[in-house]
Amino acid sequence: GNWASSVPSSCRFEARVGFWPGIKIEDVKRDIESTLNYEANKLGLGLEIAYRGFQADGAVLLPDFVGGEASGKKSLQTDFVDSLQKCYKTASAGDESNAGRKLLVKPITCTCDARFYSNLYQNSDNVVVTCFGPEADSIHGVDESVSLKSFRDCMVTIALFINEWCGLE
């Protein structure tokens, strides 16, 4: 309500909705609207639905690594990740805390700009798309932080990777 002893005159509800790759935004919106309208009608309530903010279809980056491990088949993706792993190992070789440590290949449940290239170039046999960066805590939070050592290792890894993957003269 407007003050402690009044009955609320309206209700505002906001939600963030995520969904799996392959499901279309229009289908998700239709399901949300259908469900909310049905329940509002049952209760005799008016309802207005508005969509604000960023909206994008889901994307799968490195489909040969769904679940975090290579699927077992040799591909451009496995070659790419193997090369990146090798460069990371070289970049962090002087650091005992990284001894024997491998890069984690894991799914992310957020969106990033890499989805644009993944969705644009649907053929993962010809184009490899991934997201690689330093270790961080509380990403996008008020106390977000990035490991400077990890940031340095990432910069060196990327330089070594460009040299190995693209070849420099």
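This is a predicted model: local features need pLDDT of at least 70, side-chain atom pairs count only at pLDDT 80 or more; totals for chains, interfaces and linings use all residues.
Two residues are in contact here when heavy atoms of theirs lie within 4.5 Å.

Ser 83 sits in helix α2, which covers residues 76-91. Is Ser 83 buried or exposed? With a relative accessible area of 6%, it falls under the 20% cut-off, so Ser 83 is buried. One of its contacts is also a polar one: the side chains of Ser 83 and Glu 164 are joined at 2.7 Å.

## Overall layout

Zooming out, the protein has 4 helices and 2 strands. Going along the sequence, they come in the order α-α-α-β-β-α. The radius of gyration is 23 Å, while the globule rule gives 15 Å for 169 residues, so the protein is more spread out than a compact globule. Along the principal axes, its C-alpha atoms fill a box of roughly 70 × 40 × 30 Å.

As for contacts with a separation of 6 or more, 56% of them link residues 24 or more positions apart.

How much of the protein is buried? The figure is 20% of the 169 residues, and Ser 83 is one of the buried ones. The protein exposes about 13100 Å², with carbon and sulfur atoms supplying 55% of that area.

Key. Residues are numbered from 1 along each chain as its sequence is written. Side-chain values use heavy atoms; hydrogens and water are left out. The radius of gyration is taken over C-alpha atoms; the globule rule is 2.2 Å times the number of residues to the power 0.38. Buried means under 20% relative accessible area, exposed over 50%, partly exposed in between (1.4 Å probe, protein chains only). Accessible areas come from the Shrake-Rupley method with a 1.4 Å probe; for residues, only the protein chains shown count as cover. A polar contact is a pair of N or O atoms within 3.5 Å; within protein, one must be able to donate a hydrogen and the other to accept it, and residues adjacent in sequence count only if both atoms are side-chain atoms.
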